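Subject: Structure handover

Hello,

Here is the structure you were expecting. Please look it over before reading the notes that follow.

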Amino acid sequence: MNKQENVAVERIRNGISTENPVFIMMLGMCPALAVTTSVTNAVGMGLSTTAVLVVSNLVISLVRKIIPDEVRLPAFIVIVASFVTVVQLIMQAYFVELNASLGVYIPLIVVNCIILGRAEAYASKNPPFASFMDGVGMGLGFTIGLILLSAFRELFGAGTLAGIQIMPSFYPPIDVLVKAPGAFLVLGLIIMVMNAFHIKTRANEITEGCDGCPGCGVPGSDPACAGKEDKKA
Amino acid sequence: MSLFMIIISAAFIHNVVLSQFLGICSFLGVSNKIKTSASLGGAVIFVITIASAVAYMLYTFILHPLNLDYLQTIVFILVIAALVQIVEMFLKKTSPALYTALGIYLPLITTNCAVLGVALNNVTDGYNFIESVFSGFGTAVGYTIAIVLLAGIREKIADNDIPEPIKGGPLVLFCAALMGIAFFGFSSLG
């Protein structure tokens, strides 16, 4: 039992700090940039993604020995898409307002690189409990990343946090931060600060290749990555 | 809405990368040379246009009449994955020249969320067949414009003396932010 606890703690720490999907691994950039206009949206998106990640990791780990190797990616996609549909229906039924503001990004959880990436890199090779905890850790890491990004954008861009006025009334909101370009700007600033403190992030590698895409997680599966390997070799 | 306005709106006003944040992965990853990003753009135009048409027909003639609307996410992603494979095989057989130009980018497109995003948006917006195809085409053209412009900027500034912490990721993100601000100018068109 002690060993299991260790695995759990290690997986959660890994997801939140060592391999934080947003700041270190640079995965799932589309939702991270698109829905971080307010803390409420970020929490909604983070928790929906966590739910899908945890359940799909668990199920993929349970069936990992049954799925033939050649069709594993399509099989993973079907499993993930089913749970995304479940989350989508729950959102439509119980969180109407949040669902409306997250819009198309809820069904797009299917193509979130984090989920297929974890399925391929972790859940398909590890036992169910560890995969489950890996999902929890990665999901929390993603949620925390989204909350940080959105808190910065909402606080300085609108003067509020989760809709509550924080900044004094004489503070002029920097409108552009909650508009689309602000997302690129804030993420760029965060990575710049991390670079300045020599925290290793994959952002600088990613701009030279496309390691972030799950297609590249599998060696030889993606010719676009093969070119990069050649260059390195 | 006229077809012309649909294209302009999809390509500029609601640019898929700069205002909707779809396809960020390849936008940041495959934008260091104009030539490669233009080829990727070509492949994306090809796939998104076909995918919009196929997704529209599947939704209108199969999913909607059978009350299976809730299956659209699963069906669309599988159809897109299969479609990319078919397009790849078809190009290899019929047009080897086009295949060599676009071929290596095709597998990358399955995971490009812009393809699924357009298919889902067409359903939400209630476009008819022609409108869906045009909106898909316009979106993909917008993607190509954005990625080629970014590649152009990156080629120009590649050899400049850039402060160490900004090199790489942050610089690309700052360029994208400035492009996003420039594209704001189009919003008054709508």
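A nonpolar core is a set of buried Ala, Val, Leu, Ile, Met, Phe, Trp, Tyr and Cys residues joined through C-beta atoms within 7 Å. Buried means that 20 or more other C-beta atoms lie within 10 Å of the residue's own, with C-beta atoms placed from the backbone.

The model is predicted: local features need pLDDT of at least 70, side-chain atom pairs count only at pLDDT 80 or more, and totals for chains, interfaces and linings use all residues. Residues are numbered from 1 along each chain as its sequence is written, and chains are lettered from A and ligands numbered from 1 in the order in which they are written.

The largest nonpolar core has 112 residues, and Leu33(A), Val80(A), Val115(B) and Leu116(B) have the most contacts inside it. Beyond its neighbours within four places in sequence, Val80(A) is in contact (C-beta atoms, placed from the backbone, within 7 Å) with Val52(A), Ser56(A), Val110(A), Ile115(A) and Leu116(A).

Ile115(A) and Leu116(A) are among the buried residues of α6(A), as are Cys113(A) and Arg118(A). Helix α6 of chain A (residues 113–123) has eight of its eleven residues buried, so it is largely enclosed by the rest of the structure. Its cover includes α3 (39–62), α4 (72–94) and α7 (128–158) of chain A, together with α2 (24–29) of chain B.

Chain B has nine helices and zero strands, as DSSP runs numbered from the N terminus (helices H or I, at least four residues; strands E, at least two). Of its 190 residues, 49% count as buried.

Regards

Conventions:
Buried ≥ 20, exposed ≤ 12 C-beta atoms within 10 Å, placed from the backbone. Contact = placed C-beta atoms within 7 Å.
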